[in-house]
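Biologist: I am new to this structure and would like to know what stands behind each term you use. Could we go through it together?

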Amino acid sequence: MYVMKGDLQGIWQEGELKPYGNLQVNPAAGVLNYGQAEALPLVEALDLVEDDLSAIFPGGVPWKNYSGELDGLNVHIVVPGKDKALALQPNLIINAGTAGGFQAKGANIGDVYVATEFANRDRRIPIPVFDKYGIGTIEAIPTGNLIKDLDLKEGKVSTGNSLDMTLQDEEHIKANDATVKDMEGAGVAYAANLLAIPMISLKAITDIVDGTKPTVEEFLENMSTAASALSRTVPPVLKYVSGKNVADL
Ligand code: ADE
């Protein structure tokens, strides 16, 4: 029995369940991939019990499996489980990582920037309204006191999927007035916004995007400098935020 539902994720093939890697399921089985809240009434209706498949799921995934039998069929319901961010229930996310920086906007190797705004540079959807969704500008939470008291630099971040920069990327970066070029900030900010969790993004500069050195070379050369800068910056930031209201940052 193979059962599908509207919001099902994954590809279903007889005897082979691609999304679950090595998971081998009896071909006479139904596996549904539901959110927990949607799945539990069905788990009850089918009289399934939680059955630990952690030994065959890929390591580290939070998936849960409920198993049972219906008219001779083995039935499994696999639910995605709790996302780690939700399970931890953080009241602040700090996104600390490396980035490229624009010297024309004052960036130097090893600087650590606090992001003030995020925008995507390579989600090009040239249709009114959709274009705004593609760029997805998100303002960071105000952290003026943190920036001033810890003497940090601040700047707008441009996020995309590539380390290099096409001419179109460059246009987008200029349009959003970015100082920092990374590959995750806008995505993390989007997820944090959805979860209504405040987020601070700290970006250490590994390479000068508008400089003369090839990006890959410069990035690799300065990775440890940037990592050290982050490890010097994050602890004071943690101490600073500790016990404060987000509104006072
Ligand atoms: N991370 C470090 N350097 C980067 C760059 N130049 N572009 C995007 N992400 C980066």
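What follows is a conversation about the terms and the values behind them.

Modeller: This is a predicted model, in which local features need pLDDT of at least 70 and side-chain atom pairs count only at pLDDT 80 or more, while totals for chains, interfaces and linings use all residues. Residues are numbered from 1 along each chain as its sequence is written.

Biologist: What pLDDT does the chain average?

Modeller: The average is 84, and 82% of the residues score at least 70, where pLDDT is the predictor's confidence in each residue, from 0 to 100. Over residues 1-33, however, the pLDDT is below 50. For the complex, the predictor gives an ipTM of 0.99 and a pTM of 0.71.

Biologist: How many helices and strands does the chain have?

Modeller: There are seven helices and 10 strands, taken as DSSP runs numbered from the N terminus, with helices being H or I of at least four residues and strands being E of at least two.

Biologist: Why is Met 165 called partly exposed?

Modeller: A residue is buried if 20 or more other C-beta atoms, placed from the backbone, lie within 10 Å of its own, exposed if 12 or fewer, and partly exposed in between. Met 165 has 19 other C-beta atoms within 10 Å, and is therefore partly exposed. Met 165 is found in the loop between strand S8 (153-159) and helix H5 (167-175). In the chain as a whole, buried residues make up 29% of the 249 residues.

Biologist: Which residues does Met 165 touch, not counting residues up to four places away in sequence?

Modeller: Met 165 touches Glu 170 and Val 209, a contact being two C-beta atoms, placed from the backbone, within 7 Å.

Biologist: What makes a group of residues a nonpolar core?

Modeller: The term means a set of buried Ala, Val, Leu, Ile, Met, Phe, Trp, Tyr and Cys residues joined through C-beta atoms within 7 Å. The largest such core has 30 residues, of which Ala 115, Phe 118, Val 180 and Ala 189 touch the most other members. Its largest share, six residues, comes from S6. A second, separate core of eight residues includes Val 43, Leu 48, Val 75 and Val 79.
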